Amino acid sequence: MIKFRPFPNVSQADEDGLLAMGGDLNLDTLVSAYSQGIFPWFNEGSPILWWSPDPRMTLRPSDIRVSRSLKKALKGKFKVSCDRSFEPVITGCALRGDGTKQEPTWITQSMHRAYLDLFASGYAHSVEVWNQDRLVGGLYGVVLGTVFFGESMFSTERDASKVALVFLCQHLSNQGFELIDCQVYSDHLRSLGAREISRDKFMIPLHDIDINQTSHHFRDEFPSTYEDLTILHSPTNAINQE
């Protein structure tokens, strides 16, 4: 059972969203943090930093925006799975450049171990994208209530991480999820349909979270083919004509 650990109120975060520093990355701490709208983000050798930015970058699953080139990729060579290779996905997210050279990132060894614990405990999940038997992209995050707290994504082939995101959005839509937490703004996320909302609005679906409710069965009924992607035909899904 998770022992709840209270953080300072998110209203105390500074203008960059920094709320607190120090502490640990134990299971109780991480689950408690996410349930309060807070996530860790720090570099190797620095104290653990805890963030709750305002505004918050989010994506409603039904708002995923698919360009013509991405639609072609979704129909193409890639295969998609869920929770099949969680640790290799984290490793992929910690690689820079062409995906072969390890360079320092915010995904430290302590973060790596902590999210493996979250996965083993049924809180963290991954989406993998394959070209034949090669892992070429993916993403991972934490599930609490009806929110998927996205952490990172990677690709070693064009559009592979975007393919992972589209399949995730379809699965979350099927399961009645409200939001994907994208944390902070980027033009890339905006191009995929994400938008900023106030921190107060972001906190609303967190109010009723049961931190002891795990999601061990998250992978069940995960979509696996292009034909499963009904959100592509939703009137709320704007398809770019680029």
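Buried means under 20% relative accessible area. Keep that cut-off at hand; the model used here is predicted.

**Exercise 1. Cysteines**

Task: Decide whether C82 is buried or exposed, and find how many disulfides the structure has.

Solution: 
- Start with accessibility. C82 has a relative accessible area of 4%, so C82 is buried.
- Take C182 next. Its relative accessibility is 15%, which also counts as buried.
- Now recall the bond itself. A disulfide is a covalent bond between the sulfur atoms of two cysteines.
- The cut-off for a disulfide is sulfur atoms within 2.5 Å.
- For C82, the closest cysteine sulfur belongs to C169, 13 Å away, too far for a bond.
- For C182, the closest cysteine sulfur is again in C169, at 8.3 Å, too far for a bond.
- The count comes to zero disulfides.

**Exercise 2. The cores**

Task: Find which residues touch the most other members of the largest nonpolar core, and list contacts of Y115.

Solution: 
- The largest nonpolar core has 44 residues; W50, Y115 and Y140 touch the most other members.
- Elements giving two or more residues to this core include β1 (18–21), α1 (27–35), α4 (109–120) and β10 (147–155).
- Look at Y115. Leaving aside neighbours within four places in sequence, its contacts include L30, Y34, F86, I90, Y140 and E151.
- A second, separate core has 37 residues, among them V127, V129, L168 and Y226.

**Exercise 3. Two further sites**

Task: Describe the surroundings of S161, then state where R84 lies relative to W130.

Solution: 
- S161 lies in helix α5 (residues 160–174).
- At 10% relative accessibility, S161 counts as buried.
- Not counting residues up to four places away in sequence, S161 touches G138, M153, F154 and S155.
- R84 lies over the face of W130, 4.1 Å from the ring centre.

Definitions and conventions
Residues numbered from 1 in each chain as written. Predicted model: local features only at pLDDT ≥ 70, side-chain atom pairs only at ≥ 80, totals over all residues. Heavy atoms only, no water. Lys NZ or Arg CZ within 6 Å of the ring centre and 35° of its normal. Core = buried A, V, L, I, M, F, W, Y, C linked by side-chain atoms within 4.5 Å. Buried < 20%, exposed > 50% of the residue type's maximum accessible area, 1.4 Å probe, protein only. Helix = DSSP H or I, 4+ residues; strand = E, 2+ residues; numbered from the N terminus. Contact = heavy atoms within 4.5 Å.
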